Amino acid sequence: MELVGFLLLAGATIAGAMGVVLQRNALYGALSLVGVFVATAVLYLMLSAPFLAVLQLIVYAGAIMVLFIFVIMLISVRYEESGEAAGVPGGAKRYTAMGLAAVLVILFTILSFKMALTPSGSEGPGSITELGFALYQKYMFPFEVASILLLVAIVGALSITRRHGRGLEGNVALEEHH
Amino acid sequence: MTLGWWIEVVVKVGLMFFIVLTGVAYVSFAERRILAHMQSRIGPNRVGPQGLLQPAADALKLMTKETIIPAAADKILFLFGPVFALIPAIVAFSVIPFGESITLFGREIALHVTDVNIAVLFILALSSIGVYGIFLSAWASNNKFALIGGLRSSAQMISYELTMGLVIVAIVMLAGSFSLVDIVHAQAKVPFILYQPLGFVLFIIGSLAEINRTPFDLPEAETELVAGFHTEYTGMRFAIFALSEYANLMTVTSLATLMFLGGWLVPWPSPAWMYPLWFAIKVLILIFFMMWTRGTLPRFRFDQLMLFGWKVLLPLALANIVITGLVVALLERP
Amino acid sequence: MAVPAYLYQVLAAVLFCIGVMGVLFRRNILVIFMCVELMLNAANLSLIAFARALGNVDGQVVVFFALAVAAAEVSVGLAIIIDLFRKKGTVDVEQVSLLKG
């Protein structure tokens, strides 16, 4: 039963991933990526990581992709995607790349098969309490650094997109209201 | 995975759909009557006794209207946009518990569809996904008013989600669990509204903004942007947007009840089967309050709205967390 | 029956390779960026599968941080892309290859 669920979800993720790579329209590609993230969140649920599954939905599907789609909309309004070759170019490039990819996948399969990891029969580690303890005791320093990283990202993003001048007038989002 | 389990799930899901859809229909009707009385008029009272069949009449009317799709619209997104708005609104109900577990036919049946121990976060995740319906429909309409309305609406929802999330953090600190059932049980002595008055106010304001209601309904106000992101939608699709708005209203009021007002618990002894009744009464009180604000307050201008969310509510929510954390840590020391 | 652990790794590897092919073959910089996110996602999946198989919560902690880093990276990356678009008027990587040759 679990195997059936896994195969369905795996099919959904791979279909979504192919959609991202092969879609000509970037917006539809972004929506396929959202589908991939949702399917991956369900996979995390199956892997006893409920907290991370929900975080994946909140952060990846709910924030990062929203940002992506906003930018795609902003850019598409002024720029028509002009004749880009949809998908994979032909010839030697295509076959070498696909061959490399296949080799990677096979190698990975053999390696992980050889490692003979069995899925733990019990619940698995994912309880939030355990995660919380690990985050705040063992990984306290990376936790604090991550918060500084996010602050740096906010400041960086705002300063890069500023058009001119100082203060609030330089920002696109607030321009239309003054 | 036994037969009993399957029957339980199917019955619960069917019941949930029934509750949500009739609830939504009659909440919208109640809103029209209540707002009318606040505005010194009567509201719909002709269809059926006291106008109670009005939602049915509305549904029939909307279903028979012509579906107009703008010529230059993105057809796939146009047709699927409302679906993205409605699905999270309804799915959120699957984790909302209505009462204690009851024993029926020898099985113990919990009064919610699924038993997720991260229920609160799940609802937050669903509201993050609900944003998609809005701006995808706005984009697909190929209409400048709709686009601006949709972008404003989604920016507003994202901003106020932060405040709601931070308030939820404070509640989780008090309750010690993300599960809604545990949060209600933690309020057995005192409802959290007494411990978190600031949190309650912040959550109510945040949820009003989250569901695009007055005083935060600028993106869809009739006097502003035609009708915002659902300008181009007709007939049943428009009905789906209205449905999703009222379903969201029911979700956030249920969440506020569970987190602040003690859910189904009451200070007097009560038989277990009456718990859903107390829950419903509390939710209805909150819904009435939200309709009351709609009839009373003027709406925010968009830049005022964003300023309020980021510069006033967010620091207050952070301060709330700090204070709550300090108090919890100091009081828990052995 | 339970899912054997290596299947999750295979899935992660396949997703990663699809992402790599996307990065190599697409010309729209936004799509390239999305494929990078796809690769990150594949790595996260692999980490969580290992965390489950080994009974260790450290894999999940790493994914937690990877999520935060991805959010930061996307916001700055998109800011750069917007700036690039404003200066060059295009998001086609073939046309912004000033360093070539």
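Predicted model: local features only at pLDDT ≥ 70, side-chain atom pairs only at ≥ 80, totals over all residues.
Two residues are in contact if their C-beta atoms, placed from the backbone, lie within 7 Å. Leaving aside neighbours within four places in sequence, Ala30(A) is in contact with Met65(A), Phe68(A), Ile69(A), Ile72(A) and Met34(C). One of these partners, Met34(C), belongs to chain C.

Ala30(A) also has a place in the largest nonpolar core. That core has 170 residues, and Ala30(A) and Met65(A) have the most contacts inside it. Its largest share, 18 residues, comes from helix H3 (residues 50-78) of chain A. The core draws at least three residues from each of domain 1 (1-79) and domain 2 (127-178) of chain A.

Now turn to where chains A and C meet. The contact takes 67 residues from chain A and 63 residues from chain C. On the chain C side, helices H1 (5-25), H2 (29-54) and H3 (58-88) each give two or more residues. H3(C) provides the largest share, 22 residues. The chain C side divides by residue type as follows.

| Residue type, side of chain C touching chain A | Count |
|---|---|
| Nonpolar | 47 residues |
| Polar | nine residues |

H3(C) itself has 31 residues. From first C-alpha to last, H3(C) reaches 44 Å, close to the 45 Å expected at 1.5 Å a residue. After H3(C) comes Gly89(C), whose phi is positive, near 75°.

Last, confidence in chain B. Its mean pLDDT is 84, and 92% of its residues reach 70 or more. Confidence in chain B is highest in helix H8 (residues 197-210), at a mean of 92, and lowest in strand S2 (residues 107-109), at 57.

Note on methods:
Residues numbered from 1 in each chain as written. Chains lettered and ligands numbered in written order. Helix = DSSP H or I, 4+ residues; strand = E, 2+ residues; numbered from the N terminus. Nonpolar A, V, L, I, M, F, W, Y, C, P; charged D, E, K, R; others polar. pLDDT = per-residue confidence, 0-100. Expected span 1.5 Å × (residues − 1). Core = buried A, V, L, I, M, F, W, Y, C linked by C-beta atoms within 7 Å. Buried ≥ 20, exposed ≤ 12 C-beta atoms within 10 Å, placed from the backbone. Domains from an automatic or database assignment.
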